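Morning, everyone. I have one structure to walk you through today. Let's bring it up.

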Amino acid sequence: REEEKLARDIYLAMGEQWGMPIFENIASSEKRHMDAVLGLLDEYGIEDPVANNGFGVFANPELQNLYGELLKQGSVSRSDALVVGASIEDLDIRDLREALAATDNVDIERVLGNLENASLKHLQAFASQLARNGIAYTPEYMDMEEYEGILAKTQPGEHGQKGRGRRSAG
């Protein structure tokens, strides 16, 4: 839940700073993801780590530090903000896959699978925006082959042309 909040809070900040619709659109999706995870927490009687934490406040110190680093990095330029977005989704995909591998609970698998699918689409969207600016995202949390496979699944017309921009200078 906090990781989804991290994404939402960063995207809202980047949207406000840079006025790019991609951030506002994906921030709305991240809010729905937070709500989906909250539903699981409530269903299984698990305390909500987000509770009443305000914008940019996290109980997990690693996420708190990451928030500060990503906010600083994304505040440099529009392109840096897009790289931050791709990096967040890259991290989310890794963590969601690890969580999926660690559970056999059908309810949890369903929610995490939906979150993973959304993160894949978000990563494709950020990569497409970067490619339009002549920048190739280098994944931080997954290997290049896996990342290129994700980009290859982009449907033409959805976020740009299939496979376009993966080898751009950056």
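Start just past the end of helix α1. There, G19 takes a positive phi of about 65°. Keep in mind that this is a predicted model.

Now step back into helix α1 itself. It covers residues 2–18, which is 17 residues. From first C-alpha to last, α1 reaches 24 Å. That is close to the 24 Å expected at 1.5 Å a residue. How much of α1 is covered? Mostly covered is the answer: 14 of its 17 residues are buried.

Next, helix α2, residues 21–43. I want to pick out E30, which has its place in this helix. Is E30 buried or exposed? E30 is buried. Yet E30 has no salt bridge. The nearest side chain of opposite charge is R8, and R8 is 8.6 Å away. A salt bridge needs the charged atoms within 4 Å.

So what does E30 touch, leaving aside its neighbours within four places in sequence? The contacts are E4, A7, R8, Y11, E89 and H122. Note that R8 is on that list, even though E30 makes no salt bridge.

Last stop, the largest pocket. About 450 Å³ of space lies in it. It is lined by 19 residues, and the closest to its centre are R1, E2, E3, V37 and L112. Which elements give two or more residues to that lining? They are α1, α2, α4 (78–101) and α5 (106–132). Of these, α4 gives the most, with 4 residues.

That's my tour. Over to you.

Note on methods: Residues are numbered from 1 along each chain as its sequence is written. This is a predicted model: local features need pLDDT of at least 70, side-chain atom pairs count only at pLDDT 80 or more; totals for chains, interfaces and linings use all residues. Side-chain values use heavy atoms; hydrogens and water are left out. Buried means under 20% relative accessible area, exposed over 50%, partly exposed in between (1.4 Å probe, protein chains only). Lys and Arg count as positive and Asp and Glu as negative; His and the chain ends are not counted. Contact means heavy atoms within 4.5 Å. The expected span of a helix is 1.5 Å times one less than its number of residues. On a 1 Å grid over the protein atoms alone, a cavity is a set of points where a 1.4 Å probe fits but cannot get out, and a pocket is an open set with protein on both sides within 12 Å along at least five of seven lines; lining residues have an atom within 4 Å of a point. Grid points are joined across faces, edges and corners, and a volume is the space filled by probe spheres set on the points.
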